[in-house]
Structure formats: structure tokens, C-alpha cells
Amino acid sequence: MSLSPNSLAFVALSNEYCAALENVMQTDPRSFIADMARLLPRIYITASDLKPDASLEEEPPYIAGYLDEDYYESVRSAIENMLGPDDVYLEVFEEDMKYSDTPIRASISEGLCDIFQVLYNFISAVRDAPEQQINDALIAVREDFEAFWSQKVVNVMRPLNHIRFSMDDDADI
């Protein structure tokens, strides 16, 4: 068994995304937003096209949690501080919206970190792993993509796009 080019691309994009979030404090806001606007659609497309081989395991594959809460929170707060008031946006694709007369507030930093958590755990699980274990991790991340984080990707792209293309050339963000 060998990994498909798309699977290898997904591993590389996941690694690039994690590195971008881990280095957020060394990045200027304009570059960070441009990087996210470039990476997120590519991650979405690549994850959508993942077709790992069926697992040999009887149990569905599972990726252990490697990212601890403190690290998640430090990355999230760094993004929140960078974006300032632009971190919050109104979300319409929230389950609770059906039952609410008021808009639901969402956070770009939290959305990006929810994706970061999935991809960080994935990268940690496949680092130096044999191909079958990588394949099983690809199966698990693909299932999680369909159930959870695909919506996070598309939700957070909208406000990032708005910020990116409404920035003044002189603005800090």
C-alpha cells in the first residue's frame, strides 16, 4: 500500500496550517489572514477528496488527543488578540440558530483552533508512523471532517475573506 498524492498533500497542508497557527505571534495580521484565506480552501478541497483504503481494523479508526487545553488556549488567545474586535462575527450556520431570534456570535480564533486541534492531533498521530497507521488516521480525519470540521472551515472562511478584502492599506489589521 502506498499513500495517494492527495493523501500526501493533505498531510503537508495539515502541517503547514499547524505551523501557521503555532507561529501566529511572529506573523503580522495581514500575512496571517492571507495565509488562512489561502490554506483553508485548499485544506477543504483536499480533505473532501481523501479516499484512504478501508481499514483492516474491526473498530473504526480513532486519533488520540495530543493537543492539550493550555496550548489550544494560548494559540486561540494569540489569534483573538491579533484580530481584536474583528475576531467576532455573526454565524447563521449554527444549530442553535433555529431556535433563536437573535444572531449567534462566533469567533474566528475559536474556529481556527478547532480545526487546529483536529489537524494537530492528526499530524502528531502520523509523524513517523507506518503507512497503515497513517491510512487509519486519514480514515478517522476524513470521518471527522464530514461530521464536524468541514462546516468550521467554511464558516470561518467567510469572515476572514471579509476582513482580508475590507482592510485599509494603512490598517494594522
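Modeller: Before we start, helices (H or I, at least four residues) and strands (E, at least two) are DSSP runs, numbered from the N terminus.

Colleague: What should I know about the model itself?

Modeller: This is a predicted model, where local features need pLDDT of at least 70, side-chain atom pairs count only at pLDDT 80 or more, and totals for chains, interfaces and linings use all residues. Residues are numbered from 1 along each chain as its sequence is written, and side-chain values use heavy atoms, with hydrogens and water left out.

Colleague: What share of the protein's residues count as buried?

Modeller: 42% of the 173 residues.

Colleague: Switching to helix packing. How do α1 and α2 pack?

Modeller: Helix α1 (residues 5–22) packs with α2 at an angle of about 155 degrees, and their axes are 10 Å apart. Axes here are lines fitted to C-alpha atoms, for helices over the stretch in contact, and angles run from 0 to 180 degrees between N-to-C directions. The two helices are therefore roughly antiparallel to each other; angles under 35 degrees count as roughly parallel, over 145 as roughly antiparallel, 65 to 115 as roughly perpendicular and the rest as oblique.

Colleague: Which residues meet there?

Modeller: From α1, Asn6, Ala9, Phe10, Leu13, Glu16, Tyr17, Ala20 and Leu21; from α2, Phe32, Met36, Arg38, Leu39, Leu40, Arg42, Ile43, Thr46 and Ala47. Contact means heavy atoms within 4.5 Å. By class, this contact has 12 nonpolar, two polar and three charged residues. Ala, Val, Leu, Ile, Met, Phe, Trp, Tyr, Cys and Pro count as nonpolar, Asp, Glu, Lys and Arg as charged, and the others, Gly among them, as polar.

Colleague: What about α2 and α5, at what angle do they cross?

Modeller: Roughly 150 degrees, with the axes of α2 (residues 29–48) and α5 (residues 131–166) coming within 9 Å. That makes α2 and α5 roughly antiparallel to each other. Residues in the contact include Leu40, Ile43 and Tyr44 of α2 and Phe145, Trp149 and Met157 of α5. The class count is 17 nonpolar, two polar and two charged residues.

Colleague: Back to single residues. Where does Ser109 lie, and what does Ser109 touch?

Modeller: Ser109 lies in helix α4 (residues 108–126) and is buried at 0%. Not counting residues up to four places away in sequence, Ser109 touches Arg76, Ile79, Glu80 and Asp87.

Colleague: And Arg76, what is Arg76 in contact with?

Modeller: Ser109, Glu110 and Cys113, leaving aside neighbours within four places in sequence. Arg76 sits in helix α3 and counts as buried at 13% relative accessibility.

Colleague: Last one. Where does Pro61 lie?

Modeller: In the loop between α2 and α3 (69–83). Pro61 counts as buried at 17% relative accessibility. Pro61 and Ile139 are 78 residues apart in sequence, yet 6.7 Å apart in space, C-alpha to C-alpha.

Note on methods
Buried < 20%, exposed > 50% of the residue type's maximum accessible area, 1.4 Å probe, protein only.
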